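Open the model in your viewer and keep the sequence panel beside it. We will go from one selection to the next and say what is there at each stop.

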Amino acid sequence: MLTQEIAKEIVAQTMIRLNRNINIMDEQGTIIASGNVKRINQAHFGAKEVLRTGKPLIISKDDSQQWDGALPGINLPIQFQNDIIGVIGITGNPEEIMEFGELVKMITEMMIQQSFLTEQIEWKQRLIELVFEDLLTDSSQPELIKQRLNLIGVTLEAPYQVGAIELGSHHLKKNELLQIFRDSFNKQQTLIGFLNVNRLFILTSHLPEERLKQKMLNVISILKAKGISLRVGTGSTVFIQAHIRHSFEEALSSLKFGNLEQTFITYNEIETKALLDQLDERAKQQFSKRILSNLPDKLIDTLEHFFACNLNIGECAKEMYIHRNSLIYRIKKVKEKTGYDPQNIHDAMTLQLAIWILQMLPKE
């Protein structure tokens with residue numbers, strides 16, 4: 001627990017405030033951090049005595065020769081979970097430094113405790129992410145997954161559902177972001193972690209789909225209030241643990257094919273696009289080109305708005321800031337150039353599929 005990095009930090013922070021030399025010794029009595037860098041890695045005999053007795057050692061000016069030339073000061077045991085893990089030595093007149101020696105000891109032990117807690121949180125988070133990775137593989141090991149879930153105190157029960165979160169630029173630390181999600185979900189039945197720098201996953205269990213949506217919208221509201229933009233895509237609900245990976249793939253598809261302005265996208269909303277994406281590339285390009293090749297961008301944009309407004313001419317004209325008659329004229333031009341009538345449901349489906357495919361194609 002008492003690493004050289006922590007010891008150096010304690011020495012640096014304490015010396016700034018007290019203007020005294022500080023030595024930190026490990027459980028062997030070796031100096032691992034000091035205001036006098038030349039003393040690092042040397043044995044400290046006063047510290048060895050503290051480790052042997054478990055009691056503080058005060059060295060006065062008259063006692064210095066007894067301790068192999070040690071400078072006057074106090075040496076206090078550093079305790080962690082009822083064990084002595086090191087010694088802190090403060091150089092100076094014992095009568096002058098005794099009053100704040102215990103304070104320095106207390107601060108040191110608090111810093112070690114905080115470091116330990118941080119390590120525990122990081123270890124637990126890494127294990128959460130390992131479990132999620134295991135659940136996504138074809139050859140997952142149920143017993144190993146169960147053991148790891150026990151270690152992190154999580155029980156997964158059907159139904160399962162996966163969400164993928166895409167974050168915009170933000171100033172929050174990883175753990176601060178995770179905590180916002182943890183506060184909204186049951187920690188004993190949920191796995192939350194990072195996929196990469198700007199993407200998170202959330203695996204919920206034993207949670208109805210509508211409740212997941214409510215909780216996600218709450219998190220979105222909290223993060224937006226902090227100036228953080230995000231998009232959330234969710235996969236379908238599954239009832240077999242082996243199918244969790246399918247829900248995850250669907251969540252990623254929701255982000256991929258969902259409208260960029262949408263903050264919450266379900267797989268049901270983009271399922272048709274996801275199915276189209278699985279078709280042969282040549283067949284898709286041939287179909288889209290045959291339907292739309294004679295249409296200028298202006299008419300394709302009109303169709304996109306028309307379909308987004310559920311074929312409602314009045315609403316679409318208002319949305320596009322054009323006169324109703326102008327929209328009707330454009331719709332007629334589409335029918336003339338393609339042979340498909342956007343106001344006919346079957347023709348509209350053909351045109352919509354062609355536009356979706358066009359949107360999926362790489363931009364030239």
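A search of the whole structure finds 12 salt bridges, each being a side-chain nitrogen of Lys or Arg within 4 Å of a carboxyl oxygen of Asp or Glu. Before you click on any of them, note that this is a predicted model, in which local features need pLDDT of at least 70 and side-chain atom pairs count only at pLDDT 80 or more, while totals for chains, interfaces and linings use all residues. Residues are numbered from 1 along each chain as its sequence is written, and side-chain values use heavy atoms, with hydrogens and water left out.

**Stop 1**

Select Lys 105 and Glu 109, whose side chains meet in a salt bridge at 2.8 Å, N to O. Both lie in helix α3 (residues 94-135), 4 residues apart, about one turn of the helix. Helices here are DSSP runs of H or I with at least four residues, strands are runs of E with at least two, and the numbering goes from the N terminus. Are Lys 105 and Glu 109 buried or exposed? Both are buried, a word that stands for under 20% relative accessible area, with exposed meaning over 50% and partly exposed in between (1.4 Å probe, protein chains only).

**Stop 2: a salt-bridge network**

Next, select Lys 256, Asp 277, Glu 281 and Lys 284, which are linked in a network of salt bridges. The closest N and O atoms of Lys 256 and Asp 277 are 3.5 Å apart. Lys 256 lies in helix α7 (residues 244-257) and Asp 277 in helix α8, so this pair ties together parts that are 21 residues apart in sequence. Asp 277 also bridges to Lys 284, with 3.8 Å between the closest N and O atoms. Colour by accessibility here: Lys 256 is exposed at 57%, Asp 277 is partly exposed at 27%, and Lys 284 is buried at 3%.

**Stop 3: a lysine without a partner**

Stay in helix α8 (residues 267-277) and pick Lys 273. Lys 273 is buried yet has no salt bridge; Glu 304, the nearest side chain of opposite charge, is 8.8 Å away. For that search, Lys and Arg count as positive and Asp and Glu as negative, while His and the chain ends are not counted. Show what surrounds Lys 273: not counting residues up to four places away in sequence, it touches Phe 257, Trp 356, Gln 359 and Met 360, where contact means heavy atoms within 4.5 Å.

**Stop 4**

Now go to Asn 21, in the loop between α1 (4-18) and β1 (22-25). Asn 21 is partly exposed, with a relative accessible area of 22%. A polar atom of its side chain lies 3.1 Å from the backbone nitrogen of Gly 35, and the side chain also reaches the backbone nitrogen of Asn 36 at 3.3 Å.

Move on to β1, where Ile 22 and Ile 24 on one side and Asn 23 and Met 25 on the other are all buried. Which strands run antiparallel to β1? One is β5 (residues 83-91), joined to β1 by 4 bridges, and another is β2 (residues 31-34), paired over 3 bridges; pairing requires at least two DSSP bridges between the strands. Click on Asn 23 to find its bridge partners, Gly 89 in β5 and Ser 34 in β2. The hairpin of β1 and β2 has 5 residues between the strands, and Gly 29 in the turn has a positive phi of about 85 degrees.

How values were computed:
A polar contact is a pair of N or O atoms within 3.5 Å; within protein, one must be able to donate a hydrogen and the other to accept it, and residues adjacent in sequence count only if both atoms are side-chain atoms.
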